[in-house]
2 protein chains.
Amino acid sequence: MSKQELVVLGQDCDADTDTGDGCCPALLDAPLDEAQAADLAKVFKALGDPVRLRLLSMIASRAGGEVCVCDLTPAFDLAQPTISHHLKLLKQAGLIDSERRGTWVYYRPLPQMTDRLAAVLTRPAGASAAESPSAESPSAGSGS
Amino acid sequence: MSKQELVVLGQDCDADTDTGDGCCPALLDAPLDEAQAADLAKVFKALGDPVRLRLLSMIASRAGGEVCVCDLTPAFDLAQPTISHHLKLLKQAGLIDSERRGTWVYYRPLPQMTDRLAAVLTRPAGASAAESPSAESPSAGSGS
């Protein structure tokens, strides 16, 4: 079920075995095409909210590997449905998975997706020579 | 000028020298506090749009280290002001910098920021044992 969500970053990727080093689009390596950009943007958009980032961080850093929703909500001054909505968006982005057991839903991280994002944001080998190409030059302005 | 934007991910970080390995919040390591999450969310939000991702990718992957805005716009079926708006958001997030020379504005990547995001998304050493803690267990449901 969650595997469908994991392939969001590329239909040619094997989400179960690939950790993002080989097959997936590298943002800094070559221009993304429209489909790659659309897939990636969904995941970054899910991360583009402070509450969702804190939720993901709480889930991913939990030693036991999963967190009851009942342990997440007290950290926020937000209603339970709002927290659930944010968790749903993280799940739809393939960043977490959930399992209902009795009264509560338990969330666990899907590290394959964060691994993949980290890989996407990592500069290709040998790119460091191009770092800050004009960092030392005087800036003539900064209009956009 | 751009250095003010680079410290967005943490006031205690030296944006000029640190590449994100040491001082900055690691999303997967410990729960982010509210300020850290707010700072990080701004950058991820800037990446949460397909046009901005493609623009960043085009700029970051350009061999010469910078791209004229006149070379970016033809790739999109969008008006120049729209492209400029997206570029402004990328710049405000500290992902790119710009310089006006004559008629055109030239954009270059700020790899410190993508390096930092990659570090934030990288699992702490030794965390692999916790990967997919219940991947093999039967799922009892997936309600959120």
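What follows is a chat about a predicted model, touching on a sheet, a helix, a proline and an aromatic pair.

Visitor: Before we start, how are residues and chains labelled here?
Guide: Residues are numbered from 1 along each chain as its sequence is written, and chains are lettered from A, with ligands numbered from 1, in the order in which they are written. In this predicted model local features need pLDDT of at least 70 and side-chain atom pairs count only at pLDDT 80 or more, while totals for chains, interfaces and linings use all residues, and side-chain values use heavy atoms, with hydrogens and water left out.

Visitor: OK, what is the strand order in the sheet of chain B?
Guide: The order is E1-E3-E2 in an open sheet of 3 strands with antiparallel pairing, where strands (E, at least two residues) and helices (H or I, at least four) are DSSP runs numbered from the N terminus, and two strands pair if DSSP finds at least two bridges between them. The edge strands, each pairing on one side only, are E1 (67-68) and E2 (96-101) of chain B.

Visitor: And how many bridges join E2(B) to E3(B)?
Guide: There are 6 bridges between E2(B) and E3(B), the latter covering residues 104-109; B:Glu99 stands opposite B:Tyr106 in E3(B).

Visitor: Which strands does H5(B) touch?
Guide: H5(B) packs on the sheet and touches E2 and E3 of chain B, contact meaning heavy atoms within 4.5 Å. The direction of H5(B) makes about 125° with that of E2(B), the axes being lines fitted to C-alpha atoms, for helices over the stretch in contact, and the angles running from 0 to 180 degrees between N-to-C directions.

Visitor: Which residues of H5(B) are buried?
Guide: They are B:Ile83, B:Ser84, B:His86, B:Leu87, B:Leu90 and B:Lys91, where buried means under 20% relative accessible area, exposed over 50% and partly exposed in between (1.4 Å probe, protein chains only). Seen down the axis of H5(B), these buried residues fall within an arc of 160°, so they line one face of the helix; the arc is that of the directions from the helix axis to the C-beta atoms.

Visitor: Switching topic, what does A:Pro50 contact?
Guide: Leaving aside neighbours within four places in sequence, A:Pro50 is in contact with B:Ala37, B:Ala38 and B:Ala41. A:Pro50 lies in helix H3 (residues 50-60) of chain A, and counts as partly exposed because its relative accessibility is 32%.

Visitor: Last one, how many aromatic pairs are there over all chains?
Guide: There is 1 aromatic pair. The rings of A:Phe44 and B:Phe44 have centres 6.1 Å apart and planes at 15°, so the pair is stacked; rings of Phe, Tyr and Trp (its six-membered ring) pair if their centres lie within 6.5 Å, and planes under 30 degrees apart count as stacked, over 60 as edge-to-face and the rest as tilted.
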